[in-house]
Amino acid sequence: MTDFPALADVLGVRIGDDLMQLALTHRSFSYENGGVAHNERLEFLGDSILGQAVTVMLYTEFPFLDEGELAKRRAALVSTVALSEVARRIGIGRHLRLGRGEELTGGRDKSSILADSIEAVIGATYLSRGADEATALVLRLIRPLAEDPARFGAAMDPKTSLQELAAARGLGSPFYEVSDTGPDHLKRFHATVRLGGDPVATGEGSSKKQAEMAAALTAWTELHERG
């Protein structure tokens, strides 16, 4: 059972237990447990709230940016890469309810599942606490990324950022190995990024590009934090 009070402390908002449990229930758990409700409808709601809150924040706090730059920053901040980084930062993966298949294949650290769970929690906050609390949660989660120029740049273009950081540290050019699993209509891609021949980080996604970007951001983050 999820420790709801502990998660609420991390999020900074108390959500009703039933809604929180729903927000953390992946469809794989539903399929393996008699079709119990899962979080995809909450994701749909949370995605809309997230987009509006980020749009207003950027418009208000960055008056010097033109429309094109605002659009690029918004796209970066609501991307799977950025949201999965937020999810990992707050440790939401360990609270998810996953089916056995996802559990065995590392679902608790899959970028798409983590990003979707953030959106679902935002949607649950809206239903449980209202629009103002949901917006406040979005800003608490997203603002640290928006206010860190280096990390923000990495979130916008992680492959270029990793290449530049690796070159600056004499590590050579990143090399990506990508594999895929699943049927054609439900393929999942797994990427490993190597520096100097050594594996540095992995990432996954619904496309080769998304998997490589996820791996690049993880690698960039680890190198950046080493100083």
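Which residue in strand 3 does Arg 194 stand opposite? Arg 194 stands opposite Pro 199.

## About this model

This is a predicted model, so to speak a computed picture: local features need pLDDT of at least 70, side-chain atom pairs count only at pLDDT 80 or more, and totals for chains, interfaces and linings use all residues. Residues are numbered from 1 along each chain as its sequence is written, and side-chain values use heavy atoms, leaving out hydrogens and water.

Strand 2 (residues 188-195) and strand 3 (residues 198-205) run antiparallel, joined by 7 bridges. Strands pair if DSSP finds at least two bridges between them; strands (E, at least two residues) and helices (H or I, at least four) are DSSP runs, numbered from the N terminus. This hairpin has 2 residues between its strands, and Gly 196 there takes a positive phi near 60°.

Now look at Thr 192 in strand 2. Beyond residues up to four places away in sequence, Thr 192 touches Phe 175, Tyr 176, Glu 177, Pro 199, Ala 201 and Thr 202; contact means heavy atoms within 4.5 Å.

## Two crossing helices

The axes of helix 6 (residues 80-90) and helix 9 (residues 131-146) come within 10 Å and cross at roughly 110°. Axes are lines fitted to C-alpha atoms over the stretch in contact, with angles from 0 to 180 degrees between N-to-C directions. The two helices are therefore roughly perpendicular, a word for angles of 65 to 115 degrees.

Among the residues that meet are Leu 83 and Val 86 in helix 6, and Leu 141 and Ile 142 in helix 9.

Key
Angles under 35 degrees count as roughly parallel, over 145 as roughly antiparallel, 65 to 115 as roughly perpendicular and the rest as oblique.
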